[in-house]
Every structure is written in structure tokens, then in C-alpha cells.
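I opened my notebook on this one today. My entries follow the display.

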Amino acid sequence: MELEERVTALETDVQSFKILINAVDNKVERARLDIQQAQGANIRLFQATRDDVMEFRSRMDSRFAEMRARFDLADERFTAMEDRSLGIQAELKFVNRRLDGLDTRMDHVETRLGGIDQRLDGMDARIERVETRLDGIDQRLDGIDARFDKMDARFDEVIALIKDRLVPQG
């Protein structure tokens, strides 16, 4: 009996193993299905995330392209401003040269005016001397006028005497 009991125990064990193996198979199959479903969900999640990232990247590329275009426009404007400032600098240099020329001419005019001022000062002094001499001449003329007045008075006396003597009275 020992063999029979052992075989029966083995059969029972085999049956138990079969039940366990079936249970494990079921669990493994369910786990495999769960893993497949999870993989499918993960793939869909990764695909959705990839799509979102690609859409975001596309929007960012478009925004960067827009920003690049705006920066290019700003660069063009800065270049235009630099060109204008170079033109203005050239014009200012030209104006500065002309002003330097005017400064030189004004210095020459001021020098000439200084000479004219000196000549006018000399003329003022000469005019003062002429006026002094004319004052002297006026005084002398006043003296001569006084003498002529005396002479006229004497001539009038002489004429009156001659008339008295030549013209009969009476």
C-alpha cells in the first residue's frame, strides 16, 4: 500500500499542481492582458504626448520664425538708422568745416574791424585836434570880427566927417 498511497498522493499532488498551474496560467494570462492593455494605454499616452510635443514644437517654430522675422526687421531698421547717422555725421563734418571757414573769415573781419577801430580812434583824435584848431580860428575870427566892427565904426566916422566937410551945410 505504500505504493498505492504514494501514487494516490502523487496524483492528488499532480491534480493540485494542475489546479495551481491553471490558476497561475489564468493569472499570467490576465497579467499579460493587463500588461498589453497598459502597453496600449502607454503607447496611446506616448503618442498623444508626442503629438502634443510636435504641435507645441510646431507652434514654437512658428513663433520663433515670427520673432526671427521681427528681429530681422529690427536689424534692418537699425542698419537704416546707422546709415542715416553716418550720413548725418558726414553732413555735420561738412557743416563743421564750413563753420571753421566762417570762424577764420570772422577772425579776419574782426582783425580788419580792429584796424578800422584804430583808424577811427586816430581820426577821432585828429577831429579833436581839428575842432581845437577850429575853436582857435573861431576865437581869432571873433577877434577879427571885433576889429572889423571897430573899423566899420571908424569908417562910419570917417564917412561922416567927409560928408560934413564936403557937403555944404545948409
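Is Leu 141 buried, partly exposed or exposed? I looked it up. Leu 141 has a relative accessibility of 42%. Buried means under 20% and exposed means over 50%, so Leu 141 counts as partly exposed. I note that this is a predicted model.

**Entry: overall fold**

I counted secondary structure next. The protein chain has one helix and zero strands. The radius of gyration is 68 Å, whereas the globule rule gives 15 Å for 170 residues, so the chain is more spread out than a compact globule. I then took the spans of the C-alpha trace along its principal axes. They come to about 230 × 35 × 30 Å.

**Entry: distances along the helix**

I checked two pairs of C-alpha atoms. Ala 9 and Phe 148 are 139 residues apart along the chain, and 191 Å separates their C-alpha atoms. Ala 9 lies in helix 1. Its relative accessibility is 37%, which makes Ala 9 partly exposed.

For the second pair I took Arg 119 and Glu 131. They sit 12 residues apart along the chain, with 18 Å between their C-alpha atoms. Arg 119 is also in helix 1. At 63% relative accessibility, Arg 119 counts as exposed.

**Entry: burial and surface**

How much of the protein chain counts as buried? I found 1% of the 170 residues. The chain exposes about 16500 Å². Carbon and sulfur atoms supply 58% of that area.

**Entry: the nonpolar patch**

I went back to Leu 141, which is found in helix 1. Leu 141 belongs to a nonpolar patch on the surface.

**Entry: charges**

How many salt bridges does a search of the whole structure find? The search gives one. The partners are Glu 29 and Arg 32, and their closest N and O atoms are 2.3 Å apart. Why are these two separated by about one helical turn? They are three residues apart in helix 1, which covers residues 2–166.

I checked accessibility for both partners. Glu 29 is partly exposed at 33%. Arg 32 has a relative accessible area of 39% and is partly exposed as well.

**Entry: recap**

Methods: Residues are numbered from 1 along each chain as its sequence is written. This is a predicted model: local features need pLDDT of at least 70, side-chain atom pairs count only at pLDDT 80 or more; totals for chains, interfaces and linings use all residues. Side-chain values use heavy atoms; hydrogens and water are left out. Helices (H or I, at least four residues) and strands (E, at least two) are DSSP runs, numbered from the N terminus. The radius of gyration is taken over C-alpha atoms; the globule rule is 2.2 Å times the number of residues to the power 0.38. Buried means under 20% relative accessible area, exposed over 50%, partly exposed in between (1.4 Å probe, protein chains only). Accessible areas come from the Shrake-Rupley method with a 1.4 Å probe; for residues, only the protein chains shown count as cover. A salt bridge is a side-chain nitrogen of Lys or Arg within 4 Å of a carboxyl oxygen of Asp or Glu. Patches are made of residues with over 30% relative accessible area and no salt bridge: like charges are joined within 9 Å, nonpolar side chains (Val, Leu, Ile, Met, Phe, Trp, Tyr) within 5 Å.
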